[in-house]
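Please walk through this structure with me, one piece at a time.

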Amino acid sequence: MSFFTHLGRFLLMIKGMFTRPENFKMYWKELMHQCVELGLGSLGIIAVISVFIGAVSTVQTAYQLVSPLIPRSTIAQIVRDTIILEFAPTLSCIVLAGVIGSKIASELGNMRVSEQIDALEIMGINTKAYLVAPKILACLIMIPLLVVIAMVLGIWGGRFAGTAANILSNVAFDRGLLSGFLAYNVFFAIIKAYTFAFIISGVPAYYGYNVQGGALEIGRASTSAVVTSCIMILLADYLLAAILL
Amino acid sequence: MIELKNLKKSFGENVVINDVSAVMDTGKCNLIIGSSGSGKTVLMKCIVGLFTPDSGDVVYDEEEFKHMSPDDKKMMRQKIGMLFQGSALFDSMTVEQNIFFPLDMFTNSTKAEKQKRVDEVLEKVKLKDAHKKFPAEISGGMKKRVGIARAIVLNPKYLFCDEPNSGLDPQTSLVIDKLIKEITEEYNITTVINTHDMNSVMEIGDKIIYMYKGDKEWEGSNKEIIFSKNEKLNSFIFASEFLQDAKDMRMLEMKGKIDNDRNMDELLK
């Protein structure tokens, strides 16, 4: 299938989500369920990755800044901006593309193959609205929050590593953090988070929803969904940086 | 009553349903039979609206499905219950939650009223004790019964069963057949069953439609099928010697040559 066929089918799937819910309460329940499953379920891995990435950033930046003319607090500035601009939104979302993307693709794929989606359709339920929309919406709500948490934990990890490895004091780190801070960077990171959240949820939902065949195809769809999402995240990352920075 | 009017469905060059017309009667078990690849599943999916026919129409009690608005189609679907070949139970939900689901989605009843209805249908399919189990924890036959319970919980006017006996032992198949027949008669619903189980054909086939390579090859009842001279039908239905013998016995019985108890001891003397 050509790229444009996929794009057309993807857009039709998105269009199909916008209908009046059969029962608002049930849709709300499903949205909350997805927020817990996809958002809170990924909090652990995001926390671990962020703390370590922050810590490694501090150590490696210190390793490269050998000039005695550059104040140590610059390390904190570099760590802060790297984490806010790139690590927290992009790296976290690449990881989330694997965690959430494979979950969405395999869940929907399994529902398609085992005729659960057909069963819902027969009942008169719009499956795009009931199954796909809450997942995309949950990601749009939870992923920016996870990215903000990743920023905070990443910077905290860097600060902790700075003191633990005797690179710079907490006071010097905090001074560096506050100097030259641009709120726009956080805004830019949030824009990236929303864009990536849509990719992370929409692409796997498309692959999973349209699975045809059996268990093997579910695995293939899951892999394709993650690979495509990662490529699209990197592409979007570059485009957003080129346009907004 | 469901009326099929000149239904046609193709996938690319492959014509799967070729100009099929038929009437499915209310309060009866209408069976669609045929070998694998004969188009019976596609026909059923066209009837329930999962596939859109290339031409022709399906008429539900004088309402043409093709000309219904999307909202009317949604309303119509709430009158349809379907049992899928693999049961299609939601595996993240317990048996009880699976049956609750359509009630939660489409009714404004109180929790107590819903619980009463769920208990009623669970009683009907004799699964009262399994209500807290997950689909992965129950047998294939039980899954089918849960599927039936979920399909009838909203009191549908039309019940569709796609190969209800596939993967079941003969005894469990009989239980499922009896249950479907009982529900059809008790609630006076139009039941359409896709099957190639010969027991079902002979036991509950009030009306039988035989599909052959996308065409409707034969139509009749389980009483008429015994005397059918259609070669394709006979070679499909009575494929083994054992089944041919069984057919001969049934013919003799129906013609009164042997009595209903078959008096086998006497005949074998």
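A crossing of two helices is left-handed if the near helix is turned anticlockwise from the far one by less than a right angle, and right-handed if clockwise. Helices (H or I, at least four residues) and strands (E, at least two) are DSSP runs, numbered from the N terminus. This is a predicted model: local features need pLDDT of at least 70, side-chain atom pairs count only at pLDDT 80 or more, and totals for chains, interfaces and linings use all residues. Residues are numbered from 1 along each chain as its sequence is written, while chains are lettered from A and ligands numbered from 1 in the order in which they are written.

Start in chain A. α4(A) passes α9(A) in a right-handed crossing. Helix α4 of chain A spans residues 73–113, and helix α9 of chain A spans residues 215–244. They pack at an angle of about 150°, with their axes 8 Å apart. Axes here are lines fitted to C-alpha atoms, for helices over the stretch in contact, and angles run from 0 to 180 degrees between N-to-C directions. Two residues are in contact if their C-beta atoms, placed from the backbone, lie within 7 Å. On α4(A), the touching residues include A:T90, A:G98 and A:V113. On α9(A), A:I218, A:S229 and A:D237 are among them. By class, this contact has 11 nonpolar, 9 polar and 1 charged residues. Ala, Val, Leu, Ile, Met, Phe, Trp, Tyr, Cys and Pro count as nonpolar, Asp, Glu, Lys and Arg as charged, and the others, Gly among them, as polar.

Now turn to chain B. Chain B has 10 helices and 10 strands. Its C-alpha atoms fill a box of roughly 65 × 45 × 30 Å, taken along the principal axes. Buried residues make up 39% of its 269 residues. A residue is buried if 20 or more other C-beta atoms lie within 10 Å of its own, exposed if 12 or fewer, and partly exposed in between, with C-beta atoms placed from the backbone.

Next come the strands of chain B. Two strands pair if DSSP finds at least two bridges between them. An open sheet of 4 strands runs in the order β2-β1-β4-β5 (chain B), with antiparallel pairing. Its edge strands are β2 (14–24) and β5 (63–64) of chain B, and each pairs on one side only. Further in, 5 bridges join β1 (residues 2–11) of chain B to β4 (residues 55–60) of chain B. There, B:E3 has B:V59 of β4(B) as its bridge partner. Helix α1 (residues 40–48) of chain B packs on this sheet and touches β1, β2 and β4 of chain B. The direction of α1 makes about 120° with that of β1(B).

Is strand β3 of chain B mostly covered or mostly open? β3 (residues 29–33) is mostly covered, with 5 of its 5 residues buried. B:C29, B:L31 and B:I33 point one way, and B:N30 and B:I32 the other. β3(B) pairs in the parallel sense with β8 (residues 190–195) of chain B over 5 bridges. B:C29 stands opposite B:T191 in β8(B). β3(B) also pairs in the parallel sense with β9 (residues 207–212) of chain B, over 4 bridges. B:N30 stands opposite B:K207 in β9(B).

Finally, the two chains meet. Their contact takes 15 residues from chain B and 13 residues from chain A. On the chain B side, α2 (70–77), β6 (80–83) and α3 (95–106) each supply at least two residues. α3(B) gives the most, with 4 residues.
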